[in-house]
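Please take a look at the protein shown here. Some questions about its fold follow.

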Amino acid sequence: MNPSPTPVNSLTPNGLVEVAVTLPLFHTLTYRLPEKLATGIGIGVPVLVPVGRRQVTGYILGPARATPTVTIKDVNAILDSWPRFDAALVPFFRWLADYYQHPIGEVFRTALPTPRSGKNDGQEYWVTLNLTGADVQKPGRLGPKAKAILAFLKDIGSCPLAHLSRFIPRPRETLGRLARANLVILAPRARHFDPLAETPAAAPPPVLSPDQEEACQAIRLALRRQGFSPFLVYGVTASGKTEVYLQAAQEALALKKSVLVLLPEIALTHPIGQAFRQRFGPRVALLHSGLSDNARVDQWRRLALKEMDIAVGARSAVFAPLADLGLIVVDEEHDQSYKNEGGLPYQARDAALYRGQLAGAVTLLGSATPSVTTYYRAQRGKYQYISLPERVTPQSLPQVHLVNLREHREGRRLPIISAPLRLAIAETLSRKEQVLLFLNRRGYANVYFCLFCSHIFQCQHCSVSLTLHRQEGKLRCHYCGYQEPLPVVCPQCQSTALKHYGLGGEFLEREVRRLFPEARIARLDRDTASHRGKAIQILEEMKTHRLDILIGTQMITKGHDFPQVTLVGAVAADLSLYFPEYHAGERTFQLLTQVAGRAGRGDRPGQVFIQTYHPEHFALTAAQRHDYQAFYEAELAARRDLGYPPFTRLALLRLQGKNAATVEAAAHKVARAAQTILRTHNLEKHLRILGPAPAPRSRLKEQYRWQILLKSYGRQPLSALLDQLRASGGKGWGPDVTLLVDMDPAGMQ
Ligand SMILES: Nc1ncnc2c1ncn2[C@@H]1O[C@H](COP(=O)(O)OP(=O)(O)OP(=O)(O)O)[C@@H](O)[C@H]1O
Ligand SMILES: [Zn+2]
């Protein structure tokens, strides 16, 4: 198919092009496209350009917007012939840079897969037989290896060289001779990676429930009308949202539009990708950072070249090069994983909404636990509201029990699994049904300390305590990766009375194995799923009932459809309540409702045990009663009182650097500058500046951190302040201090 990038040479008679270079620059640069490079090159093509003495990767955004007065340098080379994005996406990238106050070059660095390096990367050699079947018998003077190769190829015609080498060792030299004799053709081909190759055969689509039918009608109507049309699809767990997305995609494809589906977690892209592949075949691409670089680039290329027109992926798939975008689905829209930390700090759901607006696409935000902000907007009519209040599966929502841990001490001991939960697990196992245990903490214990002098083992690079990983015999920092062997004496008082508290998944697993030695048990968290494919494998084992009990962090709470799970235990439901964040209650309600939603999705009823010290907290009681509305109203009232989103917009200014004193000084300087701007621009009524203060994690990865929180009524005052601030901080805020703007921060940590 034709790559057909929008040609720039026809648009730029003077040969000047605008290039975004992958450097922390807030502006784009102008280069001349030499005649010899100009043919076929277009918007989105990666090029090599000189910046100072360096050669830097950049992307062509279009003809130069203005003719600069300085000398203009030439584009040095074209790195690849196919465009990474088309003209329609350029305004999207500009918006990202602008909204997130981020250097435009870095936007591209975050958004795009890196161009291939190395010559044959992404290509492989194929061997093809160049004879008719009869001729194969003829050539008499060939050695045994040559004959073996021809015989091998006779059956299959052609295959990758690597495949041939598995059967006929070291064939290259012989192949060279055969190629020179025109008996075989040896040529490179683009390597195809198909991450969804193993998709099992499809079951026929179900008969839609009346609610699903109604939802699909509304979405179809919007698709046919064409134009931006955002929806909140609020559907309880197992209400069949996936089927609604599939139906919507069907309609979009019928209208010759492309489809983008976002999921918050890599592990979820796989089953949903498979559901789309089953329905729509090989036009479905899978995009996430867990794929190899080559596979990712290959999927990207096939989308850009319009060989595929459905992209299913995690957060960064929001940048996927889909032309004629008609439908965007953001599943589990409430999920915090949509926020990128590090690099460009974008929120993929918010970015998807903007992309939908630019493309004139129907944009579906789906969740059983919509974020308060999304629900608020739907109530105010900004989004169309679709509700799927019932499960489509045979059983209704599970019964939820709150277990008050205060009442379940066993002597002086506080068991990690209370008696009621233990009994329920035993009964569930005896019925040959499955159990899911949720504990949102990794490792064995997250605090290791000296009983004698109370010394707490902390990371050398971060102001956080080290987590005990007992199996490995290590203390590890969950922020920077620092690790050390498990100490046996306290460095402060030389005592050997070292203890731990704050139990994590590793401990829970040990305990579960002890209590239920017969059960088949696995644990899924970032420790056990560190290598590619492992998470998918564990989830697959769970789905096919080769496991009885799955223990996991938030990775297992949402989206998954395990019909034989009838018991869910939330082991320490309060963990997320203790976070010093304004949305701690929201997060707790979401986690518990989602994990509860994994129970009873098949033929048999489900039940849920939530272990807590705060059974009276509204986030827990609402989760127990499956009462989103009650939770929402209580939460919204609190947000209004305290001036938090959706009533305000937040931005966090983070200052960081290696020297504590300069960072602190810079933080005060920024705060003073912000106050001045506030006064001079009459923004005081609309915006509040809180801080500066040391960040809750005052040191991370050797960087000292201070922060200033901006709370703004409306977006305008906030962007006015940030623009002014950037202008006044032109020369930087202090030696080796960086200022990062985190728009709509996910947390204050
Ligand atoms: N109309 C239907 N009739 C019967 N079964 C259906 C129907 N629609 C979907 N299902 C099945 O119901 C199960 C739950 O659907 P799905 O996983 O889409 O739920 P969901 O709404 O996305 O839930 P969650 O928010 O928990 O992810 C799936 O196994 C799906 O195949
Ligand atoms: Zn650390």
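The questions below go from confidence to domain, helix packing, cysteines and backbone geometry.

Q: What mean pLDDT does the protein chain have?
A: This is a predicted model. Of the chain's residues, 94% reach a pLDDT of 70 or more. For the complex, the predictor gives a pTM of 0.87 and an ipTM of 0.97. The mean pLDDT of the protein chain is 89.

Q: How far apart are the end C-alpha atoms of residues 222-388?
A: An unreviewed UniProt entry places the feature "domain: Helicase ATP-binding" at these residues, 222-388. The stretch is 39% helix and 23% strand. Its end C-alpha atoms are 18 Å apart.

Q: Are helix 9 and helix 10 parallel, perpendicular or oblique to each other?
A: Helix 9 covers residues 241-254 and helix 10 covers residues 266-280. Their axes are 11 Å apart and meet at an angle of about 45 degrees. Angles of 65 to 115 degrees count as roughly perpendicular, and those under 35 as roughly parallel. The two helices are therefore oblique.

Q: How many nonpolar residues are in the contact of helix 9 with helix 10?
A: Helix 9 passes helix 10 in a right-handed crossing. Helix 9 contributes Thr242, Leu246, Ala249 and Leu253, while helix 10 contributes Ile272, Ala275, Phe276, Arg279 and Phe280. By class, 1 residue is polar, 1 is charged, and the nonpolar ones number 7.

Q: Which residues does UniProt list for "binding site", and where do they lie relative to one another?
A: The unreviewed UniProt entry lists Cys450, Cys453, Cys490 and Cys493. They span 44 residues in sequence, but no two of their C-alpha atoms are more than 8.6 Å apart, so they gather at one spot. One of them, Cys453, sits in the loop between strand 18 (445-450) and strand 19 (467-469).

Q: Which residue is joined to Pro646 by a cis peptide bond?
A: Most peptide bonds are trans. Pro646 lies in the loop between helix 19 (628-642) and strand 27 (649-657). Omega for its cis bond is about 10 degrees, and the partner is Pro645.

Q: Which strand holds Pro692?
A: A cis peptide bond joins Gly691 and Pro692, with omega about 15 degrees. Pro692 lies within residues 687-700, which form strand 28.

Q: What is the phi of His545?
A: Most residues other than glycine have a negative phi. His545 is in the loop between helix 16 (534-543) and strand 24 (549-552). Although His545 is not a glycine, its phi is positive, at about 60 degrees.

Conventions: Residues are numbered from 1 along each chain as its sequence is written. Chains are lettered from A and ligands numbered from 1 in the order in which they are written. This is a predicted model: local features need pLDDT of at least 70, side-chain atom pairs count only at pLDDT 80 or more; totals for chains, interfaces and linings use all residues. UniProt positions are given in the numbering used here, feature names are shortened, and annotations may be inferred rather than shown by experiment. Helices (H or I, at least four residues) and strands (E, at least two) are DSSP runs, numbered from the N terminus. pLDDT is the predictor's confidence in each residue, from 0 to 100. Axes are lines fitted to C-alpha atoms, for helices over the stretch in contact, and angles run from 0 to 180 degrees between N-to-C directions. Angles under 35 degrees count as roughly parallel, over 145 as roughly antiparallel, 65 to 115 as roughly perpendicular and the rest as oblique. A crossing is left-handed if the near helix is turned anticlockwise from the far one by less than a right angle, and right-handed if clockwise. Two residues are in contact if their C-beta atoms, placed from the backbone, lie within 7 Å. Ala, Val, Leu, Ile, Met, Phe, Trp, Tyr, Cys and Pro count as nonpolar, Asp, Glu, Lys and Arg as charged, and the others, Gly among them, as polar.
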